[in-house]
Amino acid sequence: MPSSPLRALIVEDSEDDTLLLVKQLREGGFVPEYTRVETAETMRQRLEQGAWDIVFADFTMPRFDAFDALNLLHASGLDLPFIIVSGTIGEDRAVQAMKAGAHDYIMKSNTARLLPAVERELREAQVRLERRQAQERVQYLAYYDPLTDLPNRTLFADRLQQAVLIGRREKQCFALLVMDLDRFKDVNDTLGHHAGDQALQQAAMRIKTCMRESDTVARMGGDEFAILLPTTSHPDGATVVARKILATFKKPLQIGDRNFDIGASLGIAVFPEHGNETDILMRAADAAMYEAKRTQSGFKVYSPDLGRKFETA
């Protein structure tokens, strides 16, 4: 019979009963690593410090009972199987414990159900974990780019909208940068899309090194990025960031054994000087970025002349 590791937290005031439980687990093919606790404070500490697979609890102890243990487990936020193993629990109290969140109860005088209950609850805990992970993945993909781990267009639009609302209410300025990689197509044409993905990942990492914790950098799609600087109130501050980003791209990207000289073009717009709506700001930053790319100047701050050029293009 294959052995299965089992990290067990045992809430029990009897060392003999604990050893008997561990013996039964071993005989059932488990390899238990266990800690016995008999007070609320010790259990709280162990839940915080350890990684557990299951909790076993006696129903009644002098200073602590299964309901207290259940409350501590729920307060910890951990989703662990909780099985009562007791010699004093009656049917009514057992029902109350199940309603409170216990997964099963086993009488110490009849432990034939112990191993099947443990195996069942471990399987169900794994199913719950996989379901949560799937839900978290769906939530993640709704707001983040899986290639670069940056916020995606949806999340960036929300943060930009929040910045606009705060800017109007608090009469604060902020800066928006739109960035496009230069010569990125060379990577795809030379080594294929997998290499292009690696280039995008490296580019994202370089951009992030120039950001403060309050800033947001997002991948908008393809080789286009957007940067929100919520505490930058003047174009000069945004140009400092743009220069930092451009400086990080002076060193070629290394893909496999090849080096690629990938540059960047950035457009800068400031709220509310260049627009007081999200779509107007994005268009202004886009127009400045295209001008920077056309003139190969690295970055450009939006101006009304660019707006007129954009509208007539």
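1. Phe67 is buried, at a relative accessible area of 18% (buried is under 20%, exposed over 50% and partly exposed in between, with a 1.4 Å probe and protein chains only). Phe59 also counts as buried, with 5% relative accessibility.

2. Before going on, some housekeeping. This is a predicted model, where local features need pLDDT of at least 70 and side-chain atom pairs count only at pLDDT 80 or more, while totals for chains, interfaces and linings use all residues. Residues are numbered from 1 along each chain as its sequence is written, and side-chain values use heavy atoms, leaving out hydrogens and water.

3. Back to the rings. Searching the whole structure gives 3 aromatic pairs (ring centres of Phe, Tyr or Trp, the latter by its six-membered ring, within 6.5 Å; planes under 30 degrees apart are stacked, over 60 edge-to-face, the rest tilted). One of them is Phe59 with Phe67: the centres are 5.6 Å apart and the planes sit at 75°, so this is an edge-to-face pair.

4. Tyr140 and Tyr144 make a stacked pair, with 5.3 Å from centre to centre and 5° between the planes. Tyr140 is partly exposed at 21% relative accessible area, and Tyr144 is partly exposed at 27%.

5. Now the sheet. It is open, with 5 strands in the order E7-E8-E6-E11-E12 and mixed pairing (strands are DSSP runs of E, at least two residues, and helices runs of H or I, at least four, numbered from the N terminus; two strands pair if DSSP finds at least two bridges between them). The edges are E7 (216-221) and E12 (299-301), each pairing on one side only. Strand-to-strand twist averages 20° (axes are lines fitted to C-alpha atoms, for helices over the stretch in contact, and angles run from 0 to 180 degrees between N-to-C directions).

6. E6 (residues 174-182) and E8 (residues 224-229) run antiparallel and are joined by 6 bridges. Ala175 stands opposite Leu229 in E8. Helix H8 (residues 193-208) packs on the sheet, touching E6, E7 and E8, and its direction makes about 15° with that of E8 (contact means heavy atoms within 4.5 Å). Helix H10 (residues 278-295) packs there too, touching E6, E7, E8, E11 (263-271) and E12, at about 145° to the direction of E11.

7. Last, the helix pair. The axes of H7 (residues 184-191) and H8 come within 7 Å and cross at roughly 145°. On the H7 side the contact includes Phe184 and Leu191, and on the H8 side His193 and Leu200 are among the residues.
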